[in-house]
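Subject: Structure handover

Hello,

Here is the structure you asked about. My notes follow below it.

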Amino acid sequence: MIFSGEVHPFRLPVPSLWLDVFQKVKALGFNCVSFYVDWALVEGKPGNYTAEGVFALEPFFEAASSAGLYLLARPGPYINAEASGGGFPGWLQRIKGRLRTTDPDYIAATQNYVSHVASTIAKAQITNGGPVILYQPENEYSGFCCGLTKPDGQYMQDVMDQARDAGIVVPFLSNDAGVNGYNAPGTGVGSVDIYGHDNYPLGFDCANPTVWPAGKLPTDYWQRHLQQSPTTPYSITEFQAGSFDPWGGPGFAKCGVLVNSEFERVFYKNDLSFSVKILNLYMTFGGTNWGNLGHAGGYTSYDYAAPIAEGRQVDREKYSQLKLIGNFVKVSSAYFDADPLHNSTTLYTNSADLIVTPVKGNTSATAFFILRHNNYTSQASTPYKLMLPTSAGNLSVPQLGGTLSLNGRDSKIHVTDYDINGTNVLYSTAEIFTWKDFGQKKVLLVYGGPGEHHEMSISSSSSPSLIEGPQAGLTLQSGSQAVIAWDTAPQRRIVQVDNLQIFILDRNSAYDYWVPELSSNGPTQDFSSQESTAASIIVKAGYLVRTAYSSGNALYLTADFNATTPIEVIGVPTAAKSLFVNGQCVQYTVGDTGDWSTDVAWTDPKLTLPTLNSLDWKFVDSLPEIQPAYDDSLWPAADHPTTNNTWRNLTTPTSLYSSDYGFHSGSFLYRGHFSAQGNESSIYLNTRGGTAYGHSVWLNQTFIGSWSGVSTENNTNVTYNLPQVQAGKPYVLTVLIDHMGYDENGAVGSDEIKTPRGILDYNLSGRDKSAITWKLTGNLGGEDYRDRARGPLNEGSMYAERQGWHLPNPPSENWESLNPLDGISQPGVGFFSTQFDLNIPQGWDVPLSFNFGNSTQPPSEFRVQLFVNGFQYGKYVNHIGPQTSFPVPPGVLNYQGSNWLALTLWAHQPGGAKLESFELENDTPVMSALEDVEFVGQSGYAQREGAY
């Protein structure tokens, strides 16, 4: 089985951290990672493909190989992914053809990107010794509108032919947004090799996180698989592992309640009941929408309430729960060729409130009985007995008395005739975490929920014996089979039957165990196989175990610790005599079972972080464009009389759509010149910047108003009163518009990415529209962007950004000293810059976040951009939210050296704006095996030629 987690390299722009994330995915028991490539980040200008530095894919492939993970490549061209434009570059607004169709100008526009990215991926295919085993052409090519009603096979074929022409030979896997059967094998032109689909059953209602709507649990996937693609492995290319959250949303903490460990137990085990053979969980690590790469519907954080947090922590219960499921599947080889049988509410239990789906191996006697509430939303605790067909006949379980129970929002996988390398587990009501055959002994780890009663039977006439733990609540019986019954308790028990040691755990205790494969290649891990799985050891070690390998007579573990932690190594290799943890030789004791025990001491590193409000902040006005002496002669003129944009016809004399002039990111600034006749009393503006955007308007130096934005609107129509103007005098309207990212393009035919940004329409009272001559700017150079290290979307239109002052070492010596907590006193944009040093001790992984205070009601209306060593790592909208905390990883931050911090503060209100508080804070320090992280923020300020 391919058990995969979704990870996007572009959402963590620190290549030396990719291995860290991969090792955490591998520790879940997974063998694969799925990844998107964001076209907009590597072809910011048509025909100019550049994937270097933080955008290079080769280090990502190397890290996957080092972690022993296969890769599912998903380069689009369309990816959706809550990325700006769904991964489409903004310049696609300028082509007339329909996107995601066979229209020649669209296909031609994709060719340069696909030929380059697919060629890069091709070099990393398994056939070339690399990790890539599958390739997904297109993404969610499933929704249609505007005259289109179904998929065009020729279009999908064109996308696949582009990839094949670039050297892709691995199988094509699809991702149908719904179980439609689109482009499945045998459907004709455009059919893929393996049909897959996605599903997000609980949706994204994080505002009501405890509500599981009726009818959302899939029940017919296996039957539909047999109808649609019976000759291929049943594949779910994306299954929900978290949730996105919109501007003004409830926040990812509530999303984490919606898709928590209970969700995993019910929904992932339900997926297993369909005998899924390729399962990819979206997202397993979400990361950050840094540098304006996100779509208009979401904010900077892309934490996604994923199992691995945005700051790369693995302390969420859902991570631990997922580890139990992933490792169970990994060691259950009978599942790999198993098929589901008919489910029932009567055949296998004595409770009609429960439903059981048997999944039976085709080449073994093993069966998996997946049990849940018939009403999957039930929060009742339901008692039951099982009626199980086994090799010893039909058995009523528990045999020794007592009652099983299923708590609300839970699910169980009971097994029968489960093979432990020659030892037969006749049945187990407790769930299996993992098992190993260490030669002289076998070890089986089982667990149950708090307070549950469980029973298992081993096909052996030997008497079971308790060799560790309390006797209370435990019953042992021998005869034709060995039967063990117990009440789940926090204290571990070990029961031995023949040479099998059964570790009986409660679920919370099971979270502390890890099953690293014993690498044959030092710290570089092997790709998972049945052989590497069999070579695993079991380690009890708390927070995280990354790798294990033997060299000579030494056993080496790499692990992370967030507290003083006892370590137990179960199944020590016979040749091992010494133990190294993170390179340090440690003393250990040998227990009665031959296992090694030691302790790792965690001591608080006593970090000293800078107090941001006491730093030496420098300030400069970042809206000099409203000053009388400002010269915009170098600005691009908005002089295009027509547009290729097909989403909206022009209603202005010349196009004011930002994309027509090559501006796609951050913000846009317009200057409209007119000579007054004296009767101009108001200006009407229709602007669009995406959900939660805002704009502000000045006439010469006079502020005339702002649309500060709300979480539900992506455009607005506003009429502003003008101050008295004098006939014959020149005036300039300055309009600053925030850009929150392009809309996604999910429905084929809608061309929603072409929804224009900027000024859509205007009317100066008493005047013809042609009375105003417009100029505009975005980031300096537009598609010829200046900062190649941080990519085409990292900068916007603000003066300080155009000058490059957000980069390290700006020319701030003669700037005014002013603190952002003092702020600015009038509407406009202030730019604040400072420098600080960090000295995080080596060997510690310390999650750091920049936190904005926001307790004033009603909140002040202002916007902030956070730049860390030149990377835009936060867009904070004080009056909309919800994000106030902005994690920034090592590598973007220099943990052992100098850092440059910059803020743009945009005040919408007449009284200006200031920060309530602004702090750099750390999460729990983790004593880590993480190796040195390479700093990616070295490129700093240099005076920009032609900057205006």
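**Helix packing**

Helix 1 passes helix 3 in a right-handed crossing. A crossing is right-handed if the near helix is turned clockwise from the far one by less than a right angle, and left-handed if anticlockwise. Helix 1 spans residues 18-26 and helix 3 spans residues 58-67. Their axes come within 9 Å and cross at roughly 40 degrees. Axes here are lines fitted to C-alpha atoms, for helices over the stretch in contact, with angles from 0 to 180 degrees between N-to-C directions. Helices (H or I, at least four residues) and strands (E, at least two) are DSSP runs, numbered from the N terminus.

Before going on, two points on the source. This is a predicted model, in which local features need pLDDT of at least 70 and side-chain atom pairs count only at pLDDT 80 or more, while totals for chains, interfaces and linings use all residues. Residues are numbered from 1 along each chain as its sequence is written, and side-chain values use heavy atoms, with hydrogens and water left out.

Helix 1 brings Trp-18, Leu-19, Phe-22, Gln-23 and Lys-26 to the contact. Helix 3 brings Pro-59, Phe-60, Ala-63, Ala-64, Ser-66 and Ala-67. Contact means heavy atoms within 4.5 Å. By class, the contact of helix 1 with helix 3 has eight nonpolar, two polar and one charged residues. (Ala, Val, Leu, Ile, Met, Phe, Trp, Tyr, Cys and Pro count as nonpolar; Asp, Glu, Lys and Arg as charged; the others, Gly among them, as polar.)

Now the second pair. Helix 4 (residues 104-123) and helix 5 (residues 153-165) pack at about 35 degrees, with axes 9 Å apart. Their crossing is right-handed. From helix 4 come Tyr-106, Ile-107, Thr-110, Gln-111, Val-114 and Ala-118. They meet Tyr-155, Asp-158, Gln-162 and Ala-163 in helix 5. The classes here are six nonpolar, three polar and one charged.

**Aromatic rings**

Rings of Phe, Tyr and Trp (its six-membered ring) pair if their centres lie within 6.5 Å; planes under 30 degrees apart count as stacked, over 60 as edge-to-face and the rest as tilted. By this rule there are 63 aromatic pairs. One of them is Trp-290 with Tyr-873, which is stacked: 6.5 Å centre to centre, 10 degrees between the planes. This pair links distant parts of the chain, 583 residues apart. Trp-290 is in the loop between strand 8 (278-285) and helix 9 (317-331), and Tyr-873 is in strand 51 (residues 871-877).

Buried means under 20% relative accessible area, exposed over 50%, partly exposed in between (1.4 Å probe, protein chains only).

Tyr-799 and Trp-805 also pair. Their ring centres are 5.6 Å apart and their planes stand at 75 degrees, so the pair is edge-to-face. Both residues are buried.

Ring pairs also build a cluster. Its members are Trp-39, Tyr-49, Tyr-78, Phe-88, Trp-91, Tyr-106, Tyr-113, Tyr-141, Phe-144, Tyr-155 and Tyr-182. Tyr-106 and Tyr-155 are also in the contact of helix 4 with helix 5.

**Charges over rings**

A charge sits over a ring if NZ of Lys or CZ of Arg is within 6 Å of the ring centre and within 35 degrees of the ring normal. Lys-277 lies over the face of Tyr-335, 5.0 Å from the ring centre. Arg-863 has its charged end over the ring of Trp-906, 5.8 Å from the centre.

**Backbone points to check by eye**

Most residues other than glycine have a negative phi, and most peptide bonds are trans. Tyr-304 has a positive phi of about 65 degrees. Ala-305 has a positive phi as well, near 50 degrees. Tyr-304 is buried, with a relative accessible area of 1%. Ala-305 is buried at 3%.

Where are the cis peptide bonds? One joins Gly-76 and Pro-77, with omega about 20 degrees. Pro-77 is in the loop between strand 3 (70-76) and helix 4. Another runs from Gly-881 to Pro-882, with omega near 10 degrees. Pro-882 is in the loop between strand 51 and strand 52 (885-888).

Best wishes
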